[in-house]
Amino acid sequence: MEKKSKKYICIHGHFYQPPRENAWLEVIEVQDSAHPYHDWNERISAECYGPNSASRILSSNNSVIKNILNNYTRISFNFGPTLLSWMEAYDRETYDAILEADRESVERFSGHGSAIAQVYNHMIMPLANRRDKETQVIWGIRDFTHRFKREPEGMWLAETAVDTETLEILAEQNIKFTILAPRQAKSVRKLQDVNWTSVNDQSVDIKKPYLCKLPSGKSIILFFYNGDVSQSVAFNGLLNDGKLFAKSLINLFDEQNDEPQLAHIATDGETYGHHHKHGEMALAYAIDYIEKNKNANLTNYAEFIHLFPPTWEVEIHQDSSWSCVHGVERWRSNCGCNTGGNPGWNQEWRRPLRETLDWLRDTLIEIYEREASKILKDPWDARNDYINLILRRNDDTIRKFLRDHALVDVDAHRVLRIMEIQRHAMLMYTSCGWFFDEISGIETTQVMQYACRAIQLANQIAGIDLEVEFQKRLEAANSNLPAYGNGANVYQHFIFPAKTNLQRVGMHVAVASLFEDEPESLNVFNYNTTSEYFIRKEAGEQRLALGITKVKSITTRSEKKFAFAVIYFGKHNLIGHISLDMELDKFTSMKFRIIKAFEESRMLEVLEIMQTFFGVERYTIWQLFQEEKRKILNLIAQKSLEELEESLRRTFNRDYPLISALSTNDIPIPKAYTTTLEYILNADLVNCFQTERIQVKDVERISEELVNWNLKIEDPDKVARLAGESIFKELKRIGAERSNLKRIQRLNRLFPILEKFALDPILYKSQNLYFELSLENRSTKEDEIHAGWLEQFNLLGDNLGVKVE
């Protein structure tokens with residue numbers, strides 16, 4: 001594209017979530033704090049990542065949609081590799097939109113894509129050893145090329161934390177540039193000049209790129225974003241006005257300077273929609289305003305240095321970052337940086353946690369080098385290449401990895417376990433583990449979980465138990481909460497219950513087989529199961545399951561065969577046994593006797609037979625994984641809840657005239673009745689949005705009842721989410737049946753009810769679809785659209801908050 005001005009604007013979004021996956025199951029377990037979503041990744045994707053892929057550009061008075069824009073096509077951005085891995089599996093639509101945006105940006109910005117890479121799992125690079133720094137960069141690059149199908153030109157450093165060694169490694173890996181905070185610049189000079197000029201966050205000229213010459217003779221280009229505008233976007237409400245946002249960027253230019261200038265900012269990408277509702281719309285408006293203002297060009301960093309190579313050089317402050325004024329102390333000491341809101345708390349726990357993990361890392365290095373050198377040509381080259389297997393974990397990639405790196409013919413599961421030690425030894429340094437205020441927080445217990453998994457794998461490989469010493473060292477990390485005391489207690493409270501091995505998976509499979517529709521081929525998160533034999537018997541509420549099952553880890557390819565027997569007595573009462581070494585003839589004998597006793601309702605004898613063949617050790621529902629335990633308990637509870645609802649509904653129907661009479665005569669209604677009314681009406685309201693089509697008439701009836709009886713919606717967030725999803729489905733049907741006047745009339749009747757109860761569903765998908773349908777209406781002959789339908793369609797736009805220019 002032709003560039004008519006030497007003034008350029010670049011907006012960078014750092015889109016990142018810490019890895020939240022259970023260290024054994026490799027999935028995110030339910031996070032209640034993210035309600036009504038399953039977990040925080042899902043919630044933030046709905047509030048931010050998705051909306052930024054199709055953001056509405058409004059008119060200056062916010063009354064008309066002018067266009068819909070994929071913001072990622074116009075901004076510079078990076079996504080954390082672990083976040084993209086989740087998104088690829090759980091939000092493919094947004095994932096594809098991000099990749100497509102980068103392809104479009106290549107065309108838009110002189111052959112330079114807007115996406116840049118990120119160090120793999122957000123490790124604070126100055127606090128890492130050199131090998132970890134190298135692997136973080138190599139894994140970040142490989143993940144990027146795997147997804148974006150091109151080499152990255154830039155790389156985002158976690159928290160922009162930097163030192164010279166990190167820059168050397170970036171340059172070694174052909175990374176051309178990175179982005180830092182203005183306070184990280186120490187001194188500058190023109191190329192070829194002798195004298196340096198000291199600078200600070202206010203005096204450094206952020207409008208130019210700088211060459212940073214490194215001791216090795218290599219160099220890398222550094223950009224220093226504008227701190228004031230970035231701060232205003234992130235924290236001071238600048239996103240409340242998209243036009244003001246755009247002008248704030250334009251006003252950064254020096255009108256007296258004829259040299260090329262780059263006005264640029266960098267913030268967390270989640271600022272645009274998650275931290276600030278509708279922030280993605282402010283961003284889209286600013287982009288549109290800048291593009292129509294011919295005095296400046298939108299660009300990305302790679303294009304800018306292609307057009308205007310640096311003419312200045314810079315020295316950096318070592319061990320500095322964008323989110324800690326003390327350098328990188330936030331990730332190793334009680335420096336005073338915290339999220340606030342907890343007076344009297346301290347973060348003294350940060351140092352002993354860092355020191356404990358450093359001890360563990362160094363001990364694991366000794367084990368890794370000793371054990372891996374026996375079977376791998378170069379253990380550290382193998383670790384750097386392991387990312388290829390992480391990205392495509394299948395039999396072919398495993399065989400290739402072994403061909404490339406194994407010295408001898410070795411069991412794959414041993415090699416994979418050794419490599420997983422190192423993967424988890426890096427994941428345990430994810431920066432969020434130190435960022436927040438309390439050692440028992442979910443971010444910190446997550447890094448402890450990765451440490452626990454590394455300890456477990458090291459014990460399996462080398463027969464060395466590091467857990468006792470690990471916990472002893474954690475005792476020095478004091479919690480702010482008296483209930484926990486110190487890090488060792490936090491570890492025991494949160495990490496021990498999550499710890500998993502193949503035997504626990506086997507126990508889980510046995511219990512789950514009582515309730516699953518196809519228990520013979522039951523996959524449990526990161527494990528595959530294959531049943532050699534399975535039988536299930538039922539007698540009323542009571543159930544019996546027997547089987548021989550092989551459990552195999554998808555990650556390490558480790559596998560074990562189990563015989564099991566489990567009996568369910570109703571409610572949450574079940575007892576199960578499992579054996580690793582039961583011979584087939586013994587299992588056959590047990591099976592015959594136990595089935596006979598069960599069919600003859602001799603339950604005590606069933607338990608005696610199980611104990612005779614399996615021993616005294618047994619398990620209950622409480623040994624299940626958290627996610628599946630909740631799922632099965634919900635299944636078990638469902639029948640009781642249905643019975644409870646049926647009973648309450650009978651009361652509702654039978655005594656409704658009496659309740660009305662009490663109300664009419666100003667007699668106080670007993671609490672038992674109001675509770676019954678509220679429960680039934682809320683259950684009916686949720687059901688209205690879970691059918692194939694919205695039951696608008698029922699929603700109207702229920703809303704009237706709630707108002708009449710002065711009752712509330714028990715879970716407004718859940719109802720709002722269901723309503724938003726249902727509106728989108730209904731709108732798709734409207735688009736396909738433009739002659740169906742009643743359908744669009746019904747949908748319009750829903751919105752006054754949502755407003756009455758202050759329900760605020762996420763509607764960006766519906767709004768964008770409405771915009772597309774409006775454009776289609778323009779190309780349709782007037783006599784082909786029913787006037788009444790068009791009137792209702794315009795009303796629907798008002799209800800959705802959409803008017804098309």
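Which residues have the most contacts inside the largest nonpolar core? The legends below start there, for a model that is predicted.

**View 1. The largest nonpolar core, seen around Phe-79.** Ile-9, Phe-79 and Phe-245 are the residues with the most contacts inside this core, which has 174 residues. Leaving aside residues up to four places away in sequence, Phe-79 touches Phe-15, Tyr-49, Tyr-72, Leu-84, Met-87, Ile-98 and Gln-118. Elsewhere, a second, separate core of 47 residues includes Met-281, Leu-681, Val-696 and Ile-744.

**View 2. Tyr-49 and Phe-79, an edge-to-face pair.** A search of the whole structure finds 35 aromatic pairs. Here the ring centres of Tyr-49 and Phe-79 lie 5.6 Å apart with the planes at 70°, so the pair counts as edge-to-face, the cut-off being over 60 degrees. Tyr-49 and Phe-79 are both buried.

**View 3. Phe-223 and Tyr-301, a tilted pair.** The two rings are 4.5 Å apart centre to centre, with 50° between their planes. This pair, too, links distant parts of the chain: Phe-223 lies in strand E11 (residues 219-224) and Tyr-301 in helix H9 (residues 301-307), 78 residues apart. Phe-223 is buried, as is Tyr-301.

**View 4. Arginines over aromatic rings.** Arg-330 lies over the face of Phe-435, 3.6 Å from the ring centre. For Arg-354, the charged end sits over the ring of Trp-434, at 4.2 Å from its centre.

Technical notes:
Residues are numbered from 1 along each chain as its sequence is written. This is a predicted model: local features need pLDDT of at least 70, side-chain atom pairs count only at pLDDT 80 or more; totals for chains, interfaces and linings use all residues. Side-chain values use heavy atoms; hydrogens and water are left out. A nonpolar core is a set of buried Ala, Val, Leu, Ile, Met, Phe, Trp, Tyr and Cys residues joined through side-chain atoms within 4.5 Å. Buried means under 20% relative accessible area, exposed over 50%, partly exposed in between (1.4 Å probe, protein chains only). Contact means heavy atoms within 4.5 Å. Rings of Phe, Tyr and Trp (its six-membered ring) pair if their centres lie within 6.5 Å; planes under 30 degrees apart count as stacked, over 60 as edge-to-face and the rest as tilted. Helices (H or I, at least four residues) and strands (E, at least two) are DSSP runs, numbered from the N terminus. A charge sits over a ring if NZ of Lys or CZ of Arg is within 6 Å of the ring centre and within 35 degrees of the ring normal.
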